[in-house]
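Biologist: I am new to this one. Please take a close look at a single part, and then tell me what lies around it.

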Amino acid sequence: GDKLKSTKLIGKTNKLPQWGRRFVPGSAEALVLEESVVDPDAETFVTYTRNLNMTQAMSVEEKCTYYPSPENKEWTCCQRQVWIKSNIYGFSMPLQSFGLMRYKDNLKKTQKGLEYVLEKMKECTTVPTNSLSPPLVRQPARDTIPNV
């Protein structure tokens with residue numbers, strides 16, 4: 001069937017520790033490419049992200065697959081996979097460990113942000129019952145993209 005695909009270029013800043021600045025001279029802004037695919041037939045939403053610059057110091061690739069929970073179709077599961085690699089001779093393992101630690105820290109913020117957005121979307125689906133004019137009905141995202 002048909003799939004909805006999108007591509008975004010994201011500028012991301014994340015302060016480098018003092019010791020990391022020698023490996024990444026210049027700007028601390030990472031350019032991140034995000035590619036997304038919504039497959040209504042498979043009921044999945046998949047995002048692929050990877051940094052486009054600073055790849056010699058560290059490359060980070062992430063794949064997130066969102067799908068309906070087998071236990072309850074009203075719930076959404078997310079399977080995350082991440083690959084972190086560094087090509088700096090003699091420092092690749094410490095840099096990869098640092099990258100994984102930073103990824104885990106940022107993941108907590110990402111989760112909070114996603115929960116905030118979903119809560120706001122849930123609030124938008126509420127229609128006032130005492131309105132004199134016909135209410136504007138907003139459909140939740142899962143009605144637009146089945147069970148995602």
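**A loop residue and its surroundings**

Modeller: Start with Met54: this residue is partly exposed, with a relative accessible area of 24%. Buried means under 20% relative accessible area, exposed over 50%, and partly exposed lies in between (1.4 Å probe, protein chains only). A word on the basis: this is a predicted model, where local features need pLDDT of at least 70, side-chain atom pairs count only at pLDDT 80 or more, and totals for chains, interfaces and linings use all residues. Residues are numbered from 1 along each chain as its sequence is written, and side-chain values use heavy atoms, with hydrogens and water left out.

Met54 sits in the loop between E3 and E4. Strands (E, at least two residues) and helices (H or I, at least four) are DSSP runs, numbered from the N terminus. The phi of Met54 is positive, about 60 degrees, although Met54 is not a glycine. Most residues other than glycine have a negative phi. Glu43 also has a positive phi, near 55 degrees, and is not a glycine. Glu43 lies in the loop between strand E2 (29-39) and strand E3 (44-51). It is partly exposed, at 21% relative accessible area.

Now the sheet. It is open, has 5 strands in the order E1-E2-E3-E4-E5, and pairs antiparallel. Two strands pair if DSSP finds at least two bridges between them. Strand E1 (4-13) and strand E5 (76-85) are the edges, each pairing on one side only. On average, neighbouring strands are turned by 15 degrees against each other, direction ignored. Axes here are lines fitted to C-alpha atoms, for helices over the stretch in contact; angles run from 0 to 180 degrees between N-to-C directions.

Strand E4 (residues 59-68) runs antiparallel to E5, and 10 bridges join the two. Pro68 has Thr76 in E5 as its bridge partner. Helix H1 (residues 92-124) packs on this sheet, touching E1, E4 and E5. Its direction makes about 155 degrees with that of E5. Contact means heavy atoms within 4.5 Å.

H1 has 33 residues. It reaches 46 Å from its first C-alpha to its last, close to the 48 Å expected at 1.5 Å a residue. The expected span is 1.5 Å times one less than the number of residues. The buried residues of H1 are Leu95, Phe98, Gly99, Arg102, Tyr103 and Asn106. Their cover includes E1, E4 and E5. Take Asn106: at 16% relative accessibility, it counts as buried. Leaving aside neighbours within four places in sequence, Asn106 is in contact with Lys12 and Asn14.

What about the cysteines? The structure holds 0 disulfides; a disulfide is a pair of cysteine sulfur atoms within 2.5 Å. The closest cysteine sulfur to that of Cys64 is in Cys78, 4.5 Å away, which is too far for a bond. Cys64 is buried, at 1% relative accessible area. Cys78 is partly exposed, at 34%.

Last, confidence. pLDDT is the predictor's confidence in each residue, from 0 to 100. The chain has a mean pLDDT of 79, and 75% of its residues reach 70 or more. Where pLDDT is low, the predicted coordinates should not be read in detail.
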